[in-house]
Amino acid sequence: MVLASAVVCAVLVGVYAFTAKSWYRAQVTLLPVENKSAQGLLGQLGPLSGLAGLAGISLDGGGRAEPIAVLRSRDFLRDFIERKQLLTVLFADRWDAQQRKWTTTPSKTPDIRDAVKFFDEDVRRIGEDRKLSLVTLTVDWTDAQTAADWANQMAVDINAKLRASAIEDAEKSIAYLREQLATANQVALQQSISRLIESQMQTLMVARGNEEYAFRVIDTAHPAKKRFKPYRSLLIIGGAFVGALLACVFLVVRTQLRSAKLRSNLNEE
C-alpha cells in the first residue's frame with residue numbers, strides 16, 4: 001500500500017510538473033552610485049545649513065537608501081507596466097487576443113492594481129548584498145528573452161527616473177538660491193549661498209552627463225538556457241514521499257482503530 005501510494009502520487013505530481021509552464025530567471029547586478037557632491041558642505045555652512053533645507057538640498061552626501069526604495073516602489077512598477085502595456089501580457093490567460101477583450105466578468109477583470117501586485121509578488125524581486133554594496137534585480141517569467149528584456153529595461157528606467165528627479169530638484173534649488181543671493185546683504189551669507197549653488201550645479205552636471213546616475217550596471221541580464229521552475233525532479237520525489245507518508249498515516253490509524261475495536265469486543269465478552 002505504501003509503495004502503491006508513493007507511485008500514484010509521484011505520477012500525479014509528475015503530470016503536473018511536465019504540463020505546467022516553465023519559468024525562467026533573468027538577473028541584473030547593480031552598484032548604487034553615491035552622489036558625494038554635497039559631502040562636507042554641512043560642516044562648512046554651520047548655522048546657515050537650514051537654508052539648504054529650505055532649498056530642498058540634502059547635505060548627507062547622497063546615499064543608497066532612496067534609489068533602492070524607488071526601485072522597490074510600486075509606483076515605479078506601475079509606470080513600467082503602463083509604459084510597456086503589460087496588463088494583457090501578465091494576464092494573458094484572461095485575454096482574448098483575437099477579439100481584443102477580456103474573457104472574464106467585469107467584476108473579475110484585472111486592472112493596473114492587480115498587475116502591480118502580481119508583478120511585485122511573483123515576477124520582480126530586489127535583493128541586497130550589504131557586504132559588497134550590490135543590488136540584484138531579478139525577473140522571473142515564462143519566456144527567457146522577455147525576462148531578460150524586462151530586467152535590463154527596468155535598470156535603464158530606474159536610472160532615467162532618478163536622473164530626471166535629480167535634475168528637476170537641482171534646477172528648483174538653484175532658482176530659489178539665486179533669489180536668496182540677490183537679497184542677501186552679508187558676505188558670509190552670500191558665500192554660503194554660493195557654495196550651495198555650486199553644489200547644485202555639480203549635481204546638475206553629473207545628472208545630465210551620466211546615464212547611470214543612480215545605479216551602475218555591473219552585469220546585464222541574458223536569456224536563461226534552463227528553466228528556473230518548476231523543479232520537476234524535486235516535485236516528483238516530494239510527491240512520492242508525501243504519498244508514502246499518507247499511506248503510513250492511514251495504516252497506523254487503521255491499526256489503532258482495529259485494536260480499539262478488538263479491545264471493545266473482548267471487554268463485552
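Residues are numbered from 1 along each chain as its sequence is written. In this predicted model, local features need pLDDT of at least 70, side-chain atom pairs count only at pLDDT 80 or more, totals for chains, interfaces and linings use all residues, and side-chain values use heavy atoms, with hydrogens and water left out.

Q: What makes strand 4 and strand 5 a pair?
A: Pairing takes at least two DSSP bridges between two strands, and strand 4 and strand 5 (residues 134-141) have six, in the antiparallel sense.

Q: Why are strand 4 (124-129) and strand 6 (215-219) said to stand at the edges?
A: The open sheet runs in the order 4-5-1-6. Strand 4 and strand 6 each have a single partner strand, so one side of each lacks a neighbour in the sheet.

Q: Why are helix 5 and helix 7 called roughly perpendicular?
A: That label covers angles of 65 to 115 degrees (under 35 is roughly parallel, over 145 roughly antiparallel, the rest oblique). Helix 5 (residues 74-84) and helix 7 pack at about 115°, with axes 10 Å apart, and are therefore roughly perpendicular.

Q: How do you know how far to trust residues 38-46?
A: Look at pLDDT, the predictor's confidence in each residue, from 0 to 100. The chain averages 83, but over residues 38-46 the pLDDT is below 50.

Terms used
Helix = DSSP H or I, 4+ residues; strand = E, 2+ residues; numbered from the N terminus. Contact = heavy atoms within 4.5 Å. Axes fitted to C-alpha atoms, helices over the stretch in contact; angles between N-to-C directions.
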